[in-house]
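Visitor: I am new to this structure. Could you show it to me and take a few questions?

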Amino acid sequence: EFEQMELEFFCEPGTDLEWFQYWRGFCRDWLISLGIKEDEMRLRDHDPAELAFYSKGTTDIEFLFPFGWGELWGIADRTDYDLSCHQKGSGRPLEYFDEETREKFIPHVVEPSAGCDRTILAIICEAYDEEELVDDKGKKDVRTVLRFVPRMAPIKAAIFPLLKKNGEQVRIAREIEKTLQPWMSVFYDETGAVGRRYRRQDEVGTPFCITVDFETLGENDASLKGTVTIRHRDSMKQERVAIEDLLHWLIARIR
């Protein structure tokens, strides 16, 4: 099933609890790398009464959804129960022969199991934010933004010409789009005011917006010719980057 992901990790008897602890940490760190905050996640160990009769230890990694705690990962030390049952049912030997120790044994299994759809839901819930902004005139506004970590964002960068009627800006923006497309998912937009374009990208979680403007053409400042404005989604701060450095600049921050 697409919604379920599992791994059967086979190990030597006597090392299974050590590997169980390793996979608990690995799965936790993996979720953190996707943008899940530690203070909205907990590792809940099953008490003896809750444990399956064949398990030495089981831990559920749970996330605090808006509707309450829900499981994302389950990590279980299943001992040699799985292969022992397969061996008994099939009548075929399933021992592993260790070339170094010259011993045979039935491998023990540590099984990390995760829900794919619920993990994606957790990432979206964690990323969603409504930020209150106040402009220079004291007017309040709410900015809806998905704060995905860049490598999880569906669109990595949006490319705008400042003015769609400016043919040179459009040409350069399209060239940037073609350069970036083989390396990442990008989106070209030339409709509406640039501020509205920024907001549209905030709502889908695009971490970087690239604007080709008059400075790119060297019209206002010759020293800025060949550079673009990059606007950061989370801070809304802007900086200038040379077009020739743009691909490497983005890859370094997305990966």
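Visitor: How many bridges join strand 14 to strand 15?

Guide: First, a caution: this is a predicted model, where local features need pLDDT of at least 70, side-chain atom pairs count only at pLDDT 80 or more, and totals for chains, interfaces and linings use all residues. Residues are numbered from 1 along each chain as its sequence is written, and side-chain values use heavy atoms, with hydrogens and water left out. Strand 14 covers residues 227–232 and runs antiparallel to strand 15. Strands here are DSSP runs (E, at least two residues), helices are runs of H or I (at least four), and both are numbered from the N terminus. Two strands pair if DSSP finds at least two bridges between them; here the number is 5.

Visitor: Which residue of strand 15 is the bridge partner of Thr-229?

Guide: Strand 15 spans 238–242. The partner of Thr-229 in that strand is Arg-240.

Visitor: What is the strand order of the open sheet?

Guide: The sheet has 5 strands with mixed pairing. Strand 12 (186–188) and strand 15 sit at the edges, each pairing on one side only. The order is 12-11-13-14-15.

Visitor: At about what angle does helix 6 run to strand 13?

Guide: Helix 6 (residues 246–254) lies across strand 11, strand 13, strand 14 and strand 15. Angles run from 0 to 180 degrees between N-to-C directions, with axes fitted to C-alpha atoms, for helices over the stretch in contact (heavy atoms within 4.5 Å). For helix 6 and strand 13, the angle is about 165 degrees.

Visitor: Is Arg-143 buried or exposed?

Guide: Arg-143 meets Glu-131 in a salt bridge at 2.7 Å, N to O. A salt bridge is a side-chain nitrogen of Lys or Arg within 4 Å of a carboxyl oxygen of Asp or Glu. Buried means under 20% relative accessible area, exposed over 50%, partly exposed in between (1.4 Å probe, protein chains only). At 0%, Arg-143 is buried.

Visitor: Why does the pair of Glu-131 and Arg-143 tie together parts that are apart in sequence?

Guide: Glu-131 is partly exposed, at 22% relative accessibility. Glu-131 lies in strand 9 (residues 128–134) and Arg-143 in strand 10 (residues 140–146), so the pair links parts separated in sequence by 12 residues.

Visitor: Which residue forms a salt bridge with Arg-233?

Guide: Arg-233 is buried, with a relative accessible area of 3%. The closest N and O atoms are 2.7 Å apart, and the partner is Asp-234.
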